[in-house]
Amino acid sequence: MGFGVNLNFSQFIPSIPFILEGVLVTLKIVALAALLGFALGIILALFKIGRIKVLTWLANVYTSVFRGTPLVLQLMIIYFGMPQIIGFEIDAFPAAVIAFGLNSAAYISEIIRAGILAVDKGQREAAMALGIPYKPMMRDIILPQALKNILPALMNEFITLTKESAVVTVIGAMDIMRRAYIVGGDKYAFFEPLLIAGLIYYILVMILTLLGKAVEGRMRKSD
Amino acid sequence: MIKVENLRKSFGKLEVLKGITTTIKQGEVVAIIGPSGSGKSTFLRCLNLLEEPTDGKVWIGDQEITNRKTNIMKVRQNVGMVFQHFHLFPHMTVLENLTYAPMKVKGMAKAEAEAKAMELLRKVGLAQKANEYPSRLSGGQKQRVAIARALAMSPEVMLFDEPTSALDPEMVKEVLEVMKSLAHTGMTMAIVTHEMGFAREVADRVLFLDGGLLVEDASPSEFFSAPKSKRAQEFLEKML
């Protein structure tokens, strides 16, 4: 051994399937958190633009708190802290989904709020003039137009979520990051497995980016 | 029938309508004209409560829409509105623009809604555009679709808020033609417009608003040949 570059990827080849299994864990966490964040984000956004002051206030406080504290702290509060309050343990997987979901809801609600406000006011008036009630108006007329405009920002948020999900390693969920770390510990060499993990994350993000472009293209058909 | 009684509307400290009283009879075509800032658009928008009046009463048919107990959504289904900037739903095809509200709001079956939509599109001369998106249409075509969309709800009253003001000059005529033929069907129409020729030819009555007040209420022949008020005389001098 000496100084200089001393990398040996070949000894990690048998560990690659083990690390790759983490892809599924990461994707499951991200997908469920994204769904939760998106659904909650829409509700919060509607609260923010709605007329009921209490709900607007509530949604603003929510956003402020979740944006104003570190994600890893929120994750640890839910995983390590909450059992003290609710009296039972939460597994790492649901804790991760809840933490990431709640956290991204705060960001997504801001994106959606801006998207709704950017839809021409006339759309709302036209819907009102036709006697279309609030719920179908939002669901079928305003939100589809808002979503089209905010798709790039939304995609960005999902990409961030994919990468940030690596912090679940602190609560021991067996995602890509955690597995790479375990392999590194086994072989007393971290550089190679972490590089492999990095490559996997990068490929995932690239796939997400391409997916986003494809969806955007489809939504532009009415232009 | 539309009945308006002492209608007032303020935006903050600015009083835009200062007490307007008038009646538009069943089947009547009324042109609402006046200088910009006179309150004519606000007046029209109070008739389906897109603006909430500060004071006064409005009846559509025998329903007082300014009464808080009235279900305004139901009333609006009966009052079609056409906007200056069309406001077609850009993510829906022309046909979907026409069928959405009848299906969603009135619970009409898809086949029936589409048949009715196609009939209306034929009437405005755009049946061949049924499956296009609004972005592919010219301004005049968009406005004709917007008229058809409002008619798809089978309203008893149609409100037009400067329907030709955003159009290129060569497209004004096609929209006015559609409105004219609609007037001949006996539709009750209130039209805010700057098209004096159209008001003169098609309207049964002219309402001239200025400074939030109804200054003149006369037949087109009276109004255009011998306006009584000084403001109307000045206005017409500039317009004609």
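Let us start with a pair of helices in chain A: α2(A) and α4(A) cross in a left-handed way, where left-handed is said if the near helix is turned anticlockwise from the far one by less than a right angle, and right-handed if clockwise. The contact is made by Tyr62(A), Thr63(A), Phe66(A) and Arg67(A) on the α2(A) side, with Leu102(A), Asn103(A), Ala105(A), Ala106(A), Tyr107(A), Ser109(A) and Glu110(A) on the α4(A) side; contact means heavy atoms within 4.5 Å. By class, these residues are 6 nonpolar, 3 polar and 2 charged. Here Ala, Val, Leu, Ile, Met, Phe, Trp, Tyr, Cys and Pro count as nonpolar, Asp, Glu, Lys and Arg as charged, and the others, Gly among them, as polar.

Before going on, a word about the model: it is predicted, with local features needing pLDDT of at least 70 and side-chain atom pairs pLDDT 80 or more, while totals for chains, interfaces and linings use all residues. Residues are numbered from 1 along each chain as its sequence is written, chains are lettered from A and ligands numbered from 1 in the order in which they are written, and side-chain values use heavy atoms, leaving out hydrogens and water.

The axes of helix α1 (residues 16-49) of chain A and α4(A) come within 5 Å and cross at roughly 40°. The two helices are therefore oblique to each other, since angles under 35 degrees count as roughly parallel, over 145 as roughly antiparallel, 65 to 115 as roughly perpendicular and the rest as oblique. This crossing of α1(A) with α4(A) is right-handed, and its contact residues divide into 24 nonpolar, 5 polar and 4 charged.

Stepping back, chain A has 8 helices and 0 strands. Its C-alpha trace spans about 80 × 50 × 25 Å along its principal axes. Of its 223 residues, 43% count as buried, meaning under 20% relative accessible area with a 1.4 Å probe, protein chains only.

After the helix comes Gly186(B), whose phi is positive, near 90°.

Technical notes:
Helix = DSSP H or I, 4+ residues; strand = E, 2+ residues; numbered from the N terminus. Buried < 20%, exposed > 50% of the residue type's maximum accessible area, 1.4 Å probe, protein only. Axes fitted to C-alpha atoms, helices over the stretch in contact; angles between N-to-C directions.
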